[in-house]
Amino acid sequence: MASNQDNIVPIDYTHREYSSIREDLMEIAERLYPETFRDWSEASFGALMIDAVAYVGDQLSFYLDYNVNESFLDTAYQQSNIIRHGRILGYKFRGTDSTYGTLAMFVLVPASSTGLGPDPAYIPVVKQGTTFSSTTGVGFILTENVDFSDSSNPIVVATVSATTGAPTYYAIKAYGSVVSGEMAQEKIQVGVYQQYLKLKLATNNVAEIISVTDSEGNEYYEVDYLAQDMVIQEVANSNYQSDNVPSILKPLLVSRKFVLERDGLNSYLQFGNGEEGATDVVADPQSVALDAFGKNYVSDTSFDPTRLNKNQNFGVVPSNTILTVDYRMVSPAASNVTPGTVTSVTNTEMSFTNITTLTTSTTEAVINSLEVSNDEAILGAVTTPTSAEIKRRIFDTFPTQDRAVTQADYESVVYRMPSSFGSIKRCSVQKDPNSQKRNLNLYVMSEDSEGKLVATNSTIKNNLKTWLNQYRMMNDTVDILDPYILNIGIEFSIKAATGEDKFTLLDTAINTLAEKYSTPFFIGEPFYISDIYSELKNVPGILDVLTVTLSGQTGGNYSGASIDINTNLSPDGTYLMVPANAVVEIKYPTTDITGKVR
């Protein structure tokens with residue numbers, strides 16, 4: 001008589017897919033129930049039950065693997081989960097990228113009573129928020145006030161009197177910084193008090209939050225983290241004409257605050273847990289000096305910054321009100337424009353020194369005379385970072401701890417620059433070999449409207465300079481430079497398998513390489529010729545890859561920089577060594593990649 005142990009079927013826990021689970025179930029059924037079920041054909045009820053259980057087991061195994069993988073940054077695949085892991089490690093996803101540039105502005109101002117120069121009373125200030133449009137329909141917003149009375153602005157005679165020949169109007173030229181996008185507003189009804197309230201904005205592609213106010217007029221400030229109590233507020237400088245400083249930065253203690261969180265295209269306002277009317281969230285700085293105990297004299301009392309938060313509520317949460325959220329939204333896929341394409345003024349906001357004393361018709365003529373044009377291309381990153389790129393930026397962000405010391409620190413800080421300052425597609429930090437000091441060369445690249453690498457414009461460089469000053473070491477000097485762009489071409493020769501259509505096979509091979517090299521290279525990254533062999537060998541129908549050669553592409557629309565291919569090949573010929581201040585690009589894959597089929 002068989003013992004119970006003879007009926008024990010060992011379970012192989014490595015069998016987790018449909019076919020192996022089904023085989024195990026069949027073995028168990030045939031061994032333990034040989035007299036009960038004998039019909040195991042595909043149309044039988046027993047086969048139906050085994051197939052159903054195997055299917056459920058396969059589904060459970062899949063979701064178990066998926067959930068485990070998404071629980072760790074290394075193995076996570078879904079972008080929203082990668083961003084969530086990055087938030088824990090201190091990485092702040094920038095969201096939708098913006099493009100920044102400079103516009104040349106022209107206005108006609110009537111001549112003064114003497115005819116010598118424009119009338120100062122009619123010289124305007126173009127206000128921040130004035131909007132423009134390109135010939136392709138891309139919108140741009142002025143980010144700063146442009147004062148046409150600045151002495152550095154060029155002035156020329158525009159029109160003269162037909163009878164006397166005296167000047168009647170002068171043309172004044174000035175420059176202003178613009179950012180891509182358009183302004184939008186959203187009103188959100190907020191109910192009763194809720195701890196750690198989180199509100200989702202209805203609009204995708206929110207580039208930045210301009211302001212958040214409730215129906216009672218209270219303003220909520222965006223902070224990097226809810227424990228932050230102080231923000232730097234930009235205040236207009238009333239003494240601008242004498243010291244040429246348009247704004248003053250002042251610290252401001254805030255109790256109403258929020259953090260902007262993103263997961264892909266969606267944006268959320270995250271508040272703290274302070275209730276309206278409770279104890280003040282932020283303490284008075286005058287009351288946070290350390291108390292002296294046990295002394296009948298005063299020696300010294302120190303300021304205790306840890307007591308600024310009295311109740312640790314991380315800010316007041318809005319309740320029973322209507323929040324008005326003003327923000328700028330942008331479409332990153334179409335926000336790059338070529339020179340001379342931003343020509344339309346869609347909404348003009350101007351101010352004059354004392355408009356009450358001016359003639360209405362004349363001021364309207366000045367306002368309507370505003371014309372604009374972009375001398376340089378307005379550029380930025382037009383492609384959203386891939387999941388792999390976001391992971392790399394998270395890994396580089398965590399060790400920096402909000403300071404830049406090493407090369408990886410500087411590169412991480414550059415990629416973390418908020419989208420409101422502009423976008424950098426590629427960057428590389430190198431120690432200046434000719435400097436005895438801590439001088440660093442920061443090479444940066446942007447993209448044009450077609451996703452091709454181009455030099456970063458001066459506006460983004462100035463913003464990057466301001467951004468880096470918050471993190472760099474005091475004894476570090478950083479030069480922001482343009483790397484050389486090395487345009488190269490690929491020529492290959494392949495052998496087709498018997499019966500393959502050579503023309504179709506050649507198109508497939510070229511398209512395969514074009515797709516592989518559609519992502520821009522990193523600055524200083526070598527070009528591996530062995531990767532071309534590997535890609536072509538995986539194309540169905542290619543029997544062998546005979547030759548692969550590289551060539552430099554210059555002249556016309558290509559970059560003026562070049563590289564000697566033969567001199568810079570590795571000793572074994574498997575890769576092209578690229579200088580640290582250069583980047584490789586296959587600019588036009590359909591023409592730069594050619595091949596032959598034998």
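Partly exposed means a relative accessible area between the buried limit of under 20% and the exposed limit of over 50%. Keep that in mind for the close-ups below, which come from a predicted model.

**View 1. Arg 22 and Asp 51 pair up across two helices.** Here the side chains of Arg 22 and Asp 51 form a salt bridge, 2.4 Å from N to O. The two residues sit 29 residues apart, in distant parts of the chain: Arg 22 belongs to helix α1 (residues 18–32) and Asp 51 to helix α2. Arg 22 has a relative accessibility of 23%, so it falls in the partly exposed class. Asp 51 comes out at 24% and is therefore partly exposed too. The structure has six salt bridges, and this is one of them.

View 2. Leu 32, Tyr 33, Phe 37, Phe 45, Leu 48 and Met 49 make up a nonpolar surface patch of about 600 Å². The biggest contributor is helix α2 (residues 45–70), which puts in three residues. Have a look at Phe 45, which is part of helix α2. Is Phe 45 buried or exposed? Phe 45 counts as exposed, because its relative accessibility is 55% and the exposed class starts over 50%.

View 3. The side chains of Glu 389 and Arg 426 join in a salt bridge with an N to O distance of 3.3 Å. The partners come from distant parts of the chain, 37 residues apart, with Glu 389 in helix α6 (residues 387–400) and Arg 426 in strand β20 (residues 426–431). Glu 389 is buried, since its relative accessible area is 14%.

**View 4. Asp 482 reaches Lys 461 from a loop.** This salt bridge brings the side chains of Asp 482 and Lys 461 to 2.8 Å, N to O. Asp 482 is in the loop between β23 (477–481) and β24, while Lys 461 is in helix α8 (residues 458–468), so the pair ties together parts 21 residues apart in sequence. Asp 482 is partly exposed, with a relative accessible area of 37%. Lys 461, at 17% relative accessibility, counts as buried.

**View 5. Inside the largest nonpolar core.** This core holds 38 residues, and Ile 490, Phe 492, Ile 494, Phe 527, Ile 532 and Leu 536 have the most contacts inside it. At least two core residues come from each of β21 (439–447), β24 (484–496), α9 (502–516), α10 (529–537), β26 (542–552), β28 (582–585) and β29 (593–597). Strand β24 gives the largest share, with seven residues. Zooming in on Ile 532, which residues is it in contact with, leaving aside neighbours within four places in sequence? They are Ile 490, Leu 513, Tyr 517, Phe 527, Val 548 and Leu 550. Another core, of 25 residues, lies apart from this one and includes Phe 140, Val 178, Val 337 and Val 342.

View 6. Across the protein chain the mean pLDDT is 83, and 86% of the residues get to 70 or more.

How values were computed. Residues are numbered from 1 along each chain as its sequence is written. This is a predicted model: local features need pLDDT of at least 70, side-chain atom pairs count only at pLDDT 80 or more; totals for chains, interfaces and linings use all residues. Side-chain values use heavy atoms; hydrogens and water are left out. A nonpolar core is a set of buried Ala, Val, Leu, Ile, Met, Phe, Trp, Tyr and Cys residues joined through side-chain atoms within 4.5 Å. Buried means under 20% relative accessible area, exposed over 50%, partly exposed in between (1.4 Å probe, protein chains only). Helices (H or I, at least four residues) and strands (E, at least two) are DSSP runs, numbered from the N terminus. Contact means heavy atoms within 4.5 Å. pLDDT is the predictor's confidence in each residue, from 0 to 100. Patches are made of residues with over 30% relative accessible area and no salt bridge: like charges are joined within 9 Å, nonpolar side chains (Val, Leu, Ile, Met, Phe, Trp, Tyr) within 5 Å. Accessible areas come from the Shrake-Rupley method with a 1.4 Å probe; for residues, only the protein chains shown count as cover. A salt bridge is a side-chain nitrogen of Lys or Arg within 4 Å of a carboxyl oxygen of Asp or Glu.
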